[in-house]
Amino acid sequence: MTLGSLASYGTSFQIKVIACLLNDKKFLQTVHDILSDEYFDNSSHKWLIQQILKYYHEYHTTPSMEYFQVEIKKIENEILKVALVEQLRECYKSFESAEDIEYIEKEFAAFCKNQQLKNALLNSVDMLNAGDYDSIRFLIDNALKAGQDKNIGHEYEKDVESRYRHEHRMIVATPFDKFNDLLQGGLGNGDLGIVFGSPGGGKSWSLVAMGAHAVEMSFNVIHYTLELGEGYVGKRYDAYFSQISVAEVHNHRDQVEKAITNLPGKLIIKEYPPKKASISTLEAHIQKCIDADTKPDLIIIDYVDLVCIVTGK
């Protein structure tokens, strides 16, 4: 059950809703056909919703900050200008720090669907009196279908704006300049990088270097090891950060602890026996890490060919 009006949810909830609409294209794509500025009482919120819908209908994605900077300058009302700048700042800030985004999006989508159904029922009263049952059925069916997931993938013609956004591809650079040149800066969101070579060629050490470099750049890393023990992999990271050989780090614990103090990113090393962990196993562990406030920016699997492949019979 949802509340009867958006005002009943409070100002903080409404700000988070707008934050989600500004930052989550999939969410905006799902609710744009049932979203209305009439749900909001605050004039600043109404203006933001109008602009979000206007931009989405033209460019099929979330509006950029540059778009709002230009549009706000066109407003003559100075009080509204100041209010919009403050509201936008609050929206972006709340999205970065919010831990209940999934709940906010689910609850608001349900609220919008119920509003659509309520409007359909109210509009069907005259049709009922006239005996126009086909129109009532059509109206109710459309209301029930509204707000369904519309993400069918990257729509090539519509999504031009999305794929040319500077922030569209978030990059985790490697410690190897030549790799970064070939990868247009590094590994981007959704990219799959495979390191391969002959036995003893340094593949596992390369993965440690990539993970450690990402941690130094404030990214969170999960390193899955399906061959080496997680304690030994941890010592390899110790060797990287302290610049002491892995054979000697156990004699220089103080230097290692000093080197790894205050690392800007988080590192989690998880060991699974060969052929015992499936993709579902890794997904469950990743979700556990997210629930523990460690959402990974880079996932390393050493060796990926030792992941159990589950096939249906």
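Which charged end sits over the ring of Tyr272? Select Lys270 and Tyr272: the charged end of Lys270 lies over that ring, 5.4 Å from the ring centre. A charge counts as over a ring if NZ of Lys or CZ of Arg is within 6 Å of the ring centre and within 35 degrees of the ring normal.

Residues are numbered from 1 along each chain as its sequence is written, and the model is predicted, with local features needing pLDDT of at least 70, side-chain atom pairs counted only at pLDDT 80 or more, and totals for chains, interfaces and linings using all residues. Side-chain values use heavy atoms, with hydrogens and water left out.

**Aromatic rings**

Next, select Tyr9, Phe13, Phe27, Tyr39, Phe40, Phe108 and Phe111, which ring pairs link into a cluster. The whole structure holds 14 aromatic pairs. Rings of Phe, Tyr and Trp (its six-membered ring) pair if their centres lie within 6.5 Å; planes under 30 degrees apart are stacked, over 60 edge-to-face, and the rest tilted. Zoom in on Phe108 and Phe111, a stacked pair with 6.3 Å between centres and 25° between planes. These two residues are three apart in helix H6 (residues 101-130), about one helical turn. Helices (H or I, at least four residues) and strands (E, at least two) are DSSP runs numbered from the N terminus. Both Phe108 and Phe111 are buried. Buried means under 20% relative accessible area, exposed over 50%, and partly exposed in between (1.4 Å probe, protein chains only).

**Salt bridges**

There are six salt bridges in the whole structure, each a side-chain nitrogen of Lys or Arg within 4 Å of a carboxyl oxygen of Asp or Glu. Select Asp100 and Lys16, bridged at 3.2 Å, N to O. Asp100 is in the loop between helix H5 (78-97) and H6, and Lys16 is in helix H1 (residues 11-23), so this bridge ties together parts 84 residues apart in sequence. Asp100 is partly exposed, at 27% relative accessibility.

Move to Glu71 and Lys74, whose closest N and O atoms are 3.0 Å apart in a salt bridge. Glu71 is buried at 13%, whereas Lys74 is exposed at 56%.

Then select Glu78 and Lys81, which meet in a salt bridge at 3.7 Å, N to O. Three residues separate their positions in helix H5, about one helical turn.

**A surface patch**

Finish at Phe179, Leu182 and Leu183, a nonpolar surface patch with about 310 Å² of accessible area together. Leu183 lies in the loop between helix H9 (177-182) and strand E2 (187-188), and is partly exposed at 32%. Patch residues have over 30% relative accessible area and no salt bridge; like charges are joined within 9 Å, nonpolar side chains (Val, Leu, Ile, Met, Phe, Trp, Tyr) within 5 Å. Accessible areas come from the Shrake-Rupley method with a 1.4 Å probe; for residues, only the protein chains shown count as cover.
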